[in-house]
Amino acid sequence: MTTRRFTPSLAATAAAVFALSLAACGGGSGEAPPQSAGNVVNPAAPVVTITNDITAETATGPITFTFSFNRDVGTSFTADDVVVTGGTKGAFTLLSGTSATLVVTPTADSTGMVEVSVPAGSVTDAVGTANAETLASKAYDTTVAVVRTPLVSFEETPAPALIGFGGAEDATVVADPTNPANKVARIVKSGTAELWAGTTVAVCPSDAIAPLPFSSTLTTLSARVWSPVAGIPVRLKVENAADPTQTAETEATVTVASGWQTLTFNFATPAPGTAALNPALTYNKASVFFNFGTTGAATGERTYYIDDLAFVGSSFTASCTGSGGGGGGGGAATTITMDEATPPVLTGFGGAEDATIVADPTGGTNKVARVVKSGAAELWAGTTVSNLPGQAIAPIGFSSTAKTITVRVWSPAAGIPVRLKVENAADPTKTVETEATVTTASAWQTLTFNFANPAAGTAALDLATTYNKVSIFFNFGTPGATTGARTYYFEDISYPTPGAGGGTGGGGGGGTGGTTTAINFESATPPTFTGFGGAEDASVVVDPTNAANKVARIVKSGTAELWAGTTISTLSGDAIPRIAFATGSTTITARVWSPAAGIPVRMKVENAGDPTKSVETEATVTTASGWQTLSFNFANQAAGTAALDLAATYNRLSVFFNFGTTGATTGARTYYIDDIVYPAASGTGGGGGGGGTAGTLVFASGYRAAGATGQGGTWGYFSGDFSNYANTYTGGGFADSTPPVADDAQYFYIAVTTSAPTAITGSPPSSGGFLGMYVTHPGLALTGQTTLAVNLGMDANFFQQTSNKNIDVFVVGSTTYSNGSSGNCNVTLKGSITPTTDAMITYTVALAGMTLVQPCSGGGFNSGVSTVAQALAQPIGAVNTQFTFPNVNTTINSGTSGAPVFATGLTRGKTEFR
């Protein structure tokens, strides 16, 4: 900081000294003449020193200037006495007669110097002596760096797919004509091109790119372009790769001829006659149209280039499978909203201890978390958010396709990093951290934290670790002394729900995105291949790229029909177990290998007993001579084929490589396929098709928060006899949650925690803790089903026990028998499940292998049941799952040494008979 004080001139100083000398001499006599008080000369004027609170060389936000006087100036000093350039005056505080402060906010989004001055004569001391002028300055930089997330750089391996149309088919990745070290896309708009000729740019299956995280404030993409002429419009269109009716288009104008420039495409301003941007939709496909609206005939053939397609304003990792750029996964999510009846606990540290739940500062009835990072805060100051004992939350369900957490934040400044750290509440050595950047000042925005991209110097994400503690650090890496105290807000911490919720005292809580069935080619009894139309040469072979793996090889012959394909089956009648399509679950994935890119692969599913019931869709190969995973979304049926009918049974699957092209056109080609994954169900159904099994009967799903099921039954919990009992936790994700949870992802959980290992209480059978969950049905009659399928998950910490993990399963008849003496009885079968993972998966129990433990025959009861088969012939009214001592958590402390927590938790999802 520079401070300058203005002093009297040398001549003025000499004159003053001369006058004083005369007064002392009395004009030559030996005594000084008498003087009145009004003529007393006071040579010392008030001096002001100006300092500021920014220790860094350059300020990035508001600056607090302190004005210190060497003598009391009373109340004569006000904000009006300060002249400011390069900024705006804020709060002025007169601390005393010798001290005051003024907050100055530098000019936004700029660089320069803030200057403050106190002109001469602005203030006076008690005897009326005025100050000399003082000036101070401070450099500032409030520019906001433009944050861009690359979507397509054209440096990718393999190269992006370029799908031209309307006369722009000549599109390829080439060396930059101005920089051979750089790769770009070259697009030739031919002399016969339509006015709408364009090119789709894709790096993901189905001609897609990573989903674009549009919001009310994030609406812009950018791209570098090269055009031989200036003044032409370039249109950019984004759409849903699975639903071409969901689109948005906008334009930018080239201003540089024969040179590169960066164009910005703001979809908040749609092109005339096109749909408005809807941030609630999925946009994951992009197409570019050079000189849109002008035909090739009008201009002649022209060559254009494009590079560095990017999303502006948000930093995230672009991912084909993510949502908003970071690994979506489509499963259920858990959200800490701050609106809970029992609010989360906020535990600040390092100078962020001032953390509390408050009303949203932008208005409304919403509650949010406020965190004040003090002026003395450490660079690592942060806040832990918890809603369970031990500063924990329910475990985070990270998976290979779900690695992101989102948080809505409000910051007074843009350009700052926000770090998010998750860890194991019981073992702080198990952590992972990542960061996102605030791009909006003094406004809410949603940040996405992708833990697949850990912060520098921190541990990598470990999908085998339980993460059940979360902390947030605003402006991480910068101490409070640099910026001064700042107030931040956040809410809606949304993270993947684990397969088996569970966790520190948090119960089994959690859901899944539904179970799946995979057809691979490793089994001793391989799938059957039925080729047709020239694809009859199909068999199981060794993976050409991995000798340890087996795959299906399909040869489309040189004489093959354009519709040549192969049916893949695992059951008689060319069938497979039923595909459980549902709302939000309409996709099948498959790994494929093709000798050529750019070809369509069609997949068809149908009813094995009624081939008139079918649905077909396609995906495009983008990798030549390499494996890739294609997604076939049957909600987007192929042109001219039937739409998906969620009420229909689909239990036959066929695949068609390079559909629509004959073998004569391409010559014989060999393709490979592996790992066909589809939404799980069981039973081929379909009313025939060559010996199909009885279909699946759903016993309980469609859970409602109030305790009802979609089948007219109920769900609930029971527990008791726990010694050292501490607490019980329950919850779930339901059909009537906000937002609703999909049918295959709904769940409910219970957990009992004890402060010490539970012990035997009383005598058998009441000899220790028990915990269970039930689902009921008005009465389900089996029609040949042989298997009970229960979707279950265990508490992660409980699963660490080396033994005692058995779960009892009871199938209870719906008929209640009376013995005439106030005694009632329901026929009951008992089986067991031994969990193999803490993840939420479906376990099956063979009904014939269950034990008849309550026949309700004898003692006045007359059910007539004496065998398992007879019990199964009666309608079923309940399916219970239960832990019974010692199969409860008696060893694993999932809390801390200061607050031990022994949790026994269980989660239930859908229950079926297959």
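Biologist: Which strand does T907 lie in?

Modeller: T907 belongs to strand β55, which covers residues 902-913. Please keep in mind that this is a predicted model.

Biologist: Why is T907 called buried?

Modeller: Buried means under 20% relative accessible area. T907 has a relative accessible area of 0%, so T907 is buried. The C-alpha atoms of T907 and G731 are separated by 9.5 Å, and these residues are 176 residues apart along the chain.

Biologist: Before we go on, what does the whole protein chain hold in helices and strands?

Modeller: The protein chain has five helices and 55 strands. Of its 914 residues, 48% count as buried. Among the contacts with a separation of 6 or more, 72% are between residues 24 or more positions apart.

Biologist: Which residues make up the covered face of β3, and which the uncovered one?

Modeller: I63, F65, F67 and F69 form the covered face, while T64, T66 and S68 form the uncovered one. In a regular strand the side chains alternate between the two faces of the sheet.

Biologist: Now for the rings. How many aromatic pairs does the structure hold?

Modeller: The structure holds 25 aromatic pairs.

Biologist: Why is the pair of F69 and F77 called edge-to-face?

Modeller: Rings pair if their centres lie within 6.5 Å, and planes over 60 degrees apart count as edge-to-face. The centres of F69 and F77 are 5.1 Å apart and their planes are at 70°, so the pair is edge-to-face. F69 is buried at a relative accessible area of 8%, and F77 counts as buried at 1%.

Biologist: What makes the pair of F581 and F634 tilted?

Modeller: Planes under 30 degrees apart count as stacked, over 60 as edge-to-face and the rest as tilted. F581 and F634 have 45° between the planes and lie 5.4 Å centre to centre, and the pair is tilted. F581 lies in the loop between β35 and β36 and F634 in the loop between β39 and β40, so the pair ties together parts that are 53 residues apart in sequence. Both F581 and F634 are buried.

Biologist: Which residues do ring pairs link into a cluster?

Modeller: They link F67, F69, F77 and F92.

Biologist: How do you know that R419 lies over the face of F476?

Modeller: For a charge over a ring, CZ of Arg must be within 6 Å of the ring centre and within 35 degrees of the ring normal. R419 lies over the face of F476 at 3.9 Å from the ring centre. R591 likewise lies over the face of W627, at 4.4 Å from the ring centre.

Biologist: Where is W410, and why does W410 count as buried?

Modeller: W410 is in strand β25, residues 404-410. The cut-off for buried is under 20%, and W410 counts as buried because its relative accessibility is 15%. Leaving aside neighbours within four places in sequence, W410 is in contact with residues including T362, W444 and Y488.

Biologist: What does the side chain of W410 reach at 3.4 Å?

Modeller: The side chain of W410 reaches the backbone oxygen of S442. A polar contact needs N or O atoms within 3.5 Å.

Technical notes
Residues numbered from 1 in each chain as written. Predicted model: local features only at pLDDT ≥ 70, side-chain atom pairs only at ≥ 80, totals over all residues. Heavy atoms only, no water. Buried < 20%, exposed > 50% of the residue type's maximum accessible area, 1.4 Å probe, protein only. Helix = DSSP H or I, 4+ residues; strand = E, 2+ residues; numbered from the N terminus. Contact = heavy atoms within 4.5 Å. Polar contact = N/O pair within 3.5 Å; in protein donor to acceptor, adjacent residues only side chain to side chain. Phe/Tyr/Trp six-rings, centres within 6.5 Å; stacked < 30°, edge-to-face > 60°.
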